[in-house]
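Subject: The structure, and what turned up in it

Hello,

Here is the structure I promised to pass on to you. Have a look at it first, and then read on for my notes.

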Amino acid sequence: MFARRIRLVGALVGAALVVSVPVALAGDGVEEPLYTAPDVGTGEMVNETPGAWFVQLRGSADAFRSEAKDAGIAFSERFVYDKIWNGLSINVSGEGRSRLSRLSSVAAVYPVITFSAPETTSVSPDLATAINMTGADKAQSELGFTGAGVRVAIMDTGVDYDHADLGGSGTDNPANFPNSRVVAGYDFVGDDFNAADPAKLATAPDADPDDCQGHGTHVAGIVGANGATKGVAPGVTFGAYRVFGCEGSTTADIMLAAMERALEDDMDVLNMSIGSAFMTWPQYPTAVGSDALVDAGMVVVASIGNSGANGVYSAGAPGVGNKAIGVASFDNSHVSALTFRTSGNRQVPYLQLSTTTEAPTSGTTPEVAWVGRGCTSLGDTPASNPSGKVALLIRGDCTFQEKYQGAVNAGAVAVVIYNNVTGLFAGGGVTDRGVPGVGISKADGEAVRAEMAAGPVTLTWTADRTNAANPTGGRASSFTSYGMTAELKLKPNIGAPGGLIRAPYPLEKGAYAILSGTSMSSPHVAGGVALLLQARPSTAPGDVKTLFQNSADPVNFGTSPSLLEVVHRQGAGMVDIDDSILSTASVSPSEISLGEGTGGATTLTITNSGSSAVTYTLGHQAAVSTGRATNAPGFFLGNAGVAFSAPSVAVPAGGSATVGVTITKPLSQGQQYGGFIRLSGDNGKVLRVPYAGFSGDYQAIQVLTPTSFGFPWLAKSSGRSFTKQSEGAVFTTKDGDVPYFLLHFEHQARRLELTVLDAATGEPFTGKGALQRQPTFSTEDFLRRNSTSTGFFAWTWDGTLKRNTPGGEIANPVPEGSYKVKVTVLKALGDPSNSAHTETWTSPAFTIDRP
């Protein structure tokens with residue numbers, strides 16, 4: 001699940017963002033944000049309407065098939081489910097989709113969401129540096145656990161079972177499956193399948209789950225490689241469930257089928273490093289399926305998503321399942337960097353300025369010229385002429401683009417920018433001019449300048465790499481998705497390293513590669529679960545999350561040394577595997593979801609399984625909050641208040657105790673806020689419980705927003721494009737000439753209804769006497785939001801309404817005439833009887849005129 005990175009530390013400008021100052025109040029008393037994320041909308045209309053649908057059934061699939069046939073709804077079946085979810089997935093036209101919800105056999109309809117496999121990123125250090133961040137190294141070397149005896153399912157692009165690190169022989173041979181490590185699996189799609197290509201939608205399932213894409217092998221390697229690299233739990237065995245072809249995308253219904261197969265194969269842990277972004281409803285089929293797997297005895301771990309650049313409420317199913325462990329991504333502590341050497345023989349690691357020409361790996365440059373800031377917009381002139389030389393600049397005060405462009409315009413043959421704060425960096429937002437551009441650390445930049453003071457300096461490019469400290473190591477990755485769920489439940493639950501991870505890759509693709517994403521963080525946790533289950537085999541699946549959350553370590557926000565990262569972005573913090581294994585105490589609940597309003601009170605139960613009594617001192621630390629726009633949120637200092645029924649609590653050996661906690665919302669309204677309850681034991685151990693909530697009126701969030709395109713629309717369709725229609729538009733309801741209704745969802749919604757009105761009276765159209773009809777032609781529950789500020793979903797009406805007849809309910813054409821359609825949206829957690837919790841829009845009048 002890879003998405004492009006943006007940074008909170010000045011990705012688009014040369015100056016670092018240091019968020020260590022108090023929040024300022026504007027003149028009207030409105031709280032000003034620490035930082036506002038950019039809106040990543042393209043500025044173009046984006047149709048996000050899916051083409052396939054999950055149909056949740058009240059009864060049997062046969063009953064649905066019969067009723068759909070009688071109603072004249074043409075569809076083709078994709079998958080049928082009866083183990084962890086009752087329903088099927090189908091392909092159906094827009095008109096047919098609108099009529100599905102009228103069937104008595106249908107409980108709900110959900111979109112089958114398509115999502116892409118990630119691609120590799122630039123460079124990264126060994127997996128070992130990430131493993132050290134989670135305590136997996138200690139669990140292996142000091143505690144002696146490997147995950148032996150635990151079966152871990154990898155639902156992904158397959159697994160290269162030929163790879164020696166995963167039990168293979170090191171040569172390409174189908175006879176390597178199954179092997180001692182990859183013991184089960186199935187390919188649900190075949191090599192050619194690609195859900196994003198209409199010409200490649202056909203699946204070719206078989207029993208060989210080999211990986212021709214790479215992502216699944218990488219994920220499996222993080223969980224349990226044992227060879228040239230060592231994963232988190234090198235003793236596990238795998239089930240490989242392939243749901244991607246060799247390239248492109250897959251769909252949520254294929255994923256649900258693989259979940260059922262993992263249950264049949266008796267897997268102990270399921271890792272899903274894929275998911276459906278913006279589907280933050282735990283009622284979505286893959287989320288419901290995850291919960292069913294936990295109930296059946298399997299621990300489910302899923303990436304929370306890589307849509308952080310798209311704002312809050314961007315997490316996805318199945319990671320939002322109530323019983324699934326949804327995992328956020330934190331950057332690796334180190335980054336593997338290519339190096340050059342100065343003429344004084346100093347080795348200098350560098351990172352490429354994104355999109356610029358790659359630096360060579362051999363050859364010596366001309367002399368280095370010191371340019372300075374390079375901000376021509378601020379009146380800067382070069383300290384020395386870089387024409388025909390390497391331009392050396394310092395980061396800060398203007399964009400990387402301005403620095404790079406100015407140096408190239410002046411004739412530089414390469415551009416080197418050094419940091420103005422500690423650490424290495426890779427700048428972005430640069431348009432390539434055919435000249436290499438790189439970023440180096442402040443210490444190295446100052447060292448180069450010191451050499452230059454003694455005489456001319458040249459640089460020799462090399463292919464040598466070194467592990468350099470990552471300045472964002474241990475912080476939330478810029479791409480990691482935000483919660484909460486649409487029901488204001490805390491997600492993600494926990495985090496792990498996911499930015500810049502090097503692990504096994506298919507042999508034919510080089511054997512090792514580098515990926516970034518919550519895809520990479522999820523297997524760190526899944527491997528940690530395997531270690532925990534080996535160490536504590538009697539642990540129930542539902543208790544694993546508690547142990548991990550209690551022992552996790554919260555991470556800081558941005559570059560601040562004192563502020564804590566947003567709770568609905570990091571969950572409980574960095575997983576601490578060895579502490580979870582060794583812990584003799586737990587706190588329940590292990591997370592607190594406060595919902596909307598004024599906060600809330602809860603009782604914490606502390607259980608002590610140790611041999612000595614422990615007294616815990618209660619404390620609290622607020623985390624940064626988010627507010628304002630969904631797609632481009634602002635970040636604010638957290639100021640929730642917490643009170644305890646007692647300042648400390650004594651827990652006897654082998655016993656338990658309780659303490660009351662009351663959390664009051666921040667003063668500011670309309671924010672997602674959070675923090676951590678801290679229980680500091682007199683035995684030196686600290687337990688934590690994260691909390692999150694929404695301050696104020698959640699239903700005040702507008703769902704149907706106009707965007708720059710003035711949605712909602714009444715529209716005509718020609719394939720995948722739409723033309724806005726005004727009052728008096730005419731539709732024949734033949735050959736696709738039907739009215740479409742285009743809506744932009746700025747936030748998730750609980751329910752959508754589309755109702756036909758008589759244009760003359762404005763009342764619901766029901767007909768008369770024996771021709772009386774039901775005016776609502778389409779309903780949909782648990783709707784996701786659009787991914788960008790310019791996205792939309794489309795609904796259509798085929799000109800029929802359901803009518804009761806002696807033989808049953810049928811879809812009957814309405815008379816020719818003038819109609820309107822009223823859209824009614826019930827907001828998330830809304831009360832249907834409260835008009836303030838709904839939004840409505842009524843289309844322009846249009847005419848049905850059949851030929």
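Which cysteine forms a disulfide with Cys-375? The partner is Cys-398, and the two sulfur atoms sit 2.1 Å apart. Please keep in mind as you read that this is a predicted model.

The link of Cys-375 and Cys-398 is left-handed, with -85° about the S-S bond. It ties together distant parts of the chain, 23 residues apart: Cys-375 lies in the loop between strand S19 (368-372) and strand S20 (390-394), while Cys-398 lies in the loop between S20 and helix H8 (400-409). Both Cys-375 and Cys-398 are buried.

A search of the whole structure gives two disulfides. The other one joins Cys-212 to Cys-246, with an S to S distance of 2.0 Å. This pair also links distant parts of the chain, 34 residues apart. Cys-212 is in the loop between strand S9 (182-187) and helix H5 (215-224), and Cys-246 is in the loop between strand S10 (237-242) and strand S11 (249-251). The torsion about the S-S bond of Cys-212 and Cys-246 is about -100°, so this disulfide is left-handed.

Cys-246, at 26% relative accessibility, counts as partly exposed. If you number the bonded cysteines of the protein chain in sequence order, the pairing reads 1-2, 3-4.

Now for the elements beside these loops. Strand S19 has five of its five residues buried, so the rest of the structure largely encloses it. Both of its faces are covered: Val-368, Trp-370 and Gly-372 are buried on one side, and Ala-369 and Val-371 are buried on the other. S19 and S20 run parallel and are joined by four bridges. Gly-372 has Leu-393 as its bridge partner in S20.

Helix H5 is mostly covered as well, with ten of its ten residues buried. Among them are His-215, Thr-217, His-218, Val-219, Ile-222 and Val-223.

Which residues touch the most other members of the largest nonpolar core? They are Phe-54 and Met-155, in a core of 70 residues. Helix H6 (residues 252-264) provides the largest share of this core, eight residues. Another core, of 46 residues, lies apart from it and includes Val-150, Val-236, Ile-494 and Val-575.

Best wishes

Note on methods
Residues numbered from 1 in each chain as written. Predicted model: local features only at pLDDT ≥ 70, side-chain atom pairs only at ≥ 80, totals over all residues. Heavy atoms only, no water. Disulfide = S-S within 2.5 Å. Helix = DSSP H or I, 4+ residues; strand = E, 2+ residues; numbered from the N terminus. Buried < 20%, exposed > 50% of the residue type's maximum accessible area, 1.4 Å probe, protein only. Pairing = 2+ DSSP bridges. Core = buried A, V, L, I, M, F, W, Y, C linked by side-chain atoms within 4.5 Å.
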